[in-house]
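This report looks at charged side-chain pairs.

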Amino acid sequence: MRKTKEELRQICEQNNVDILWSWSRVNTYLTSPYEYFLKYIKHINEDNNNCAYAPLGGMVHDILEKYYEQKIDYNEMLDKYDQGWMINIDIADLKFDRSDKEKNNNIKNRYNLDLQHFFKNHKHIESQKAIEQFILIKLREDIILQGYMDILIKKENNTFVIGDFKTSTIYKGKKALKECGQLVLYAIGLHQMGVPWKNIKIGWNFLKYQNVTVEQKNGKKKVREIERSKLGESLQSNAKTWLKHFGYDPDDYFVQMIQDNSIDCLPKEVKEKFEFDDCWVYVDLTPELLQHWTDLVVNTIDEINLKT
């Protein structure tokens, strides 16, 4: 549950600070100091840019929050999503790309197929969990941040996973390191609550993708991250290997795989070579990464205060 203004004021008083910073506030400055100036100094409301990403992302987060708080059932998630899509896209006519109609339609169709597939196939998180968990992060005596974790998962081995539900394109490699600042801050806050570093993991659940574990002919298993709307097409090469192995003609199945966007049409012994999970991507919490984000956020806040 979100803290009230009075509760936040009391936290400020208890910690002898004038403001509780947030990742979104700091990141706004990192992205555009002028946007920060307009939003937080001049307090000018943002223009309606008719962009679909933020409203749809917020809607998806809200559906998952309601589901894990047991306010809606599993089968209701897709209905809620379809209703939100109709309001934002069919009625409000929000755009993914305002300058190119064809590109907008391509993105729109794939986005919708990806998210519909997610809500039909989401793997329920069985472990103990908390949704939108409030957390404080003290980076210096005069610099304290507040935040709400999308999901905090406690595993049986006493490991905590700080997770973020993302409807964006998947992060890999350097991109993941560049985008993990918020999760790193939450990890610092969790560690300050007494959780050892070795028991903290951070990661994103990229909702538009699925992790597909494929058994290879040598017995080893390989994990692929595949966009949900392209599963049938992307898994043809893997399916071909096992179809031939078991004596089937791949051409008898490929058209159906693409039409259904699945491997449901494949023989049982072939389907058993594939495992499907939600697409989680993790970042290692190295000392260097922790120091990098601590220094960057502290220096950024100092710079904002100086300019203000």
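**Terms and model**

Buried means under 20% relative accessible area, exposed over 50%, and partly exposed in between (1.4 Å probe, protein chains only). This is a predicted model: local features need pLDDT of at least 70, side-chain atom pairs count only at pLDDT 80 or more, and totals for chains, interfaces and linings use all residues. Residues are numbered from 1 along each chain as its sequence is written, and side-chain values use heavy atoms, with hydrogens and water left out.

**Salt bridges overall**

A salt bridge is a side-chain nitrogen of Lys or Arg within 4 Å of a carboxyl oxygen of Asp or Glu. The count by this rule is 18.

**A buried pair**

Asp 278 pairs with Arg 228 in a salt bridge, with the closest N and O atoms 3.0 Å apart. The partners are 50 residues apart and link distant parts of the chain. Asp 278 lies in strand β7 (residues 274–283), and Arg 228 in the loop between β6 and α9 (231–234). Strands (E, at least two residues) and helices (H or I, at least four) are DSSP runs, numbered from the N terminus. Asp 278 is buried at 6% relative accessible area. Arg 228 is buried too, at 0%.

Shared partners also join Glu 6, Arg 9 and Glu 13 into one network of salt bridges.

Glu 225 bridges to Lys 172, with closest N and O atoms 3.2 Å apart. Glu 225 is in strand β6 (residues 221–227), while Lys 172 is in the loop between β4 (160–166) and α7 (173–179). Glu 225 is partly exposed at 34%, and Lys 172 is partly exposed at 45%.
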